[in-house]
Amino acid sequence: MEERPAFGKVRPVCPACKRVHFIDPKVAVAVLLESDGKVLLTHRVNDPGRGLWVTPGGFVDADEDPTAAAVRECEEETGLKIEIVELLDVLSTPGFPNSASIVIFYRGRVIGGELRAGDDADRVEWFGPGELPEIAFESTKGVLERWKKKSQIPNPKSQS
């Protein structure tokens with residue numbers, strides 16, 4: 001492979017067959033699950049972020065719809081069956097080699113299953129806004145900060 005200009009930037013190109021190698025982003029999904037004013041987090045057993053906490057999630061397979069990946073990853077890591085209720089955000093997270101460069105965050109709702117840690121999580125716990133542990137990724141920190149602010153806004157209906 002040689003570095004050559006191709007499609008608007010310098011990319012690896014095979015000098016023999018002229019095939020351009022595109023370095024495509026890795027896409028991950030994450031799910032914000034809430035219950036009784038708390039959010040569900042998983043404790044990571046793998047790098048990056050080993051020993052820190054994240055929302056349930058993981059990589060999207062090449063032939064998989066991101067929403068289906070979010071449902072699958074959540075069940076693998078938490079034992080819970082969920083449904084996706086809304087798209088929260090799509091974030092670019094450059095910086096980690098072999099890690100996600102795009103993270104799609106969803107809000108989910110538990111519809112079944114039994115809470116248990118699995119796959120690449122060794123613990124799974126519910127945390128309130130003032131109880132959040134050390135979070136692994138900046139993208140997750142941002143989503144949780146927004147959740148925390150939103151959860152601390154008084155509900156006008158409850159004040160009447």
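1. D36 is exposed, with a relative accessible area of 79%; here buried means under 20%, exposed over 50% and partly exposed in between, with a 1.4 Å probe and protein chains only. D36 sits in the loop between β3 and β4. Its phi is positive, about 50°, although D36 is not a glycine. D119 is another such residue, with phi near 60°. D119 belongs to the loop between β8 and β9 and is exposed at 53% relative accessible area. Most residues other than glycine have a negative phi, and most peptide bonds are trans.

2. This is a predicted model, in which local features need pLDDT of at least 70 and side-chain atom pairs count only at pLDDT 80 or more, while totals for chains, interfaces and linings use all residues. Residues are numbered from 1 along each chain as its sequence is written, and side-chain values use heavy atoms, with hydrogens and water left out.

3. The chain has two helices and nine strands. These are DSSP runs numbered from the N terminus: helices are H or I with at least four residues, strands are E with at least two. From the N terminus, the order is β-β-β-β-β-β-α-β-β-β-α. The C-alpha atoms fill a box of roughly 70 × 30 × 25 Å along the principal axes.

4. Of the 160 residues, 39% count as buried. The accessible surface of the chain is about 9500 Å², and 52% of this belongs to carbon and sulfur atoms; the areas come from the Shrake-Rupley method with a 1.4 Å probe, and for residues only the protein chains shown count as cover. Among contacts (heavy atoms within 4.5 Å) with a separation of 6 or more, 60% are between residues 24 or more positions apart.

5. P48 is in the loop between β4 and β5.

6. How many aromatic pairs are there? The count is two, where rings of Phe, Tyr and Trp (its six-membered ring) pair if their centres lie within 6.5 Å, and planes under 30 degrees apart count as stacked, over 60 as edge-to-face and the rest as tilted. F7 and F22 make a tilted pair, 5.5 Å centre to centre with 50° between the planes. F7 is in the loop between β1 (2–6) and β2 (9–13) and F22 in the loop between β2 and β3, so this pair ties together parts 15 residues apart in sequence. F7 is exposed at 64% relative accessibility, and F22 is partly exposed at 36%.

7. W53 and F127 form an edge-to-face pair, with 5.0 Å between centres and 75° between planes. Because W53 lies in strand β5 (residues 53–54) and F127 in strand β9 (residues 121–127), the pair ties together parts 74 residues apart in sequence. Both W53 and F127 are buried.

8. K148 is in helix α2 (residues 138–151). At 23% relative accessibility, K148 is partly exposed. Leaving out residues up to four places away in sequence, K148 touches P129 and L132. K148 and L132 are 16 residues apart in sequence, and their C-alpha atoms are 9.3 Å apart.
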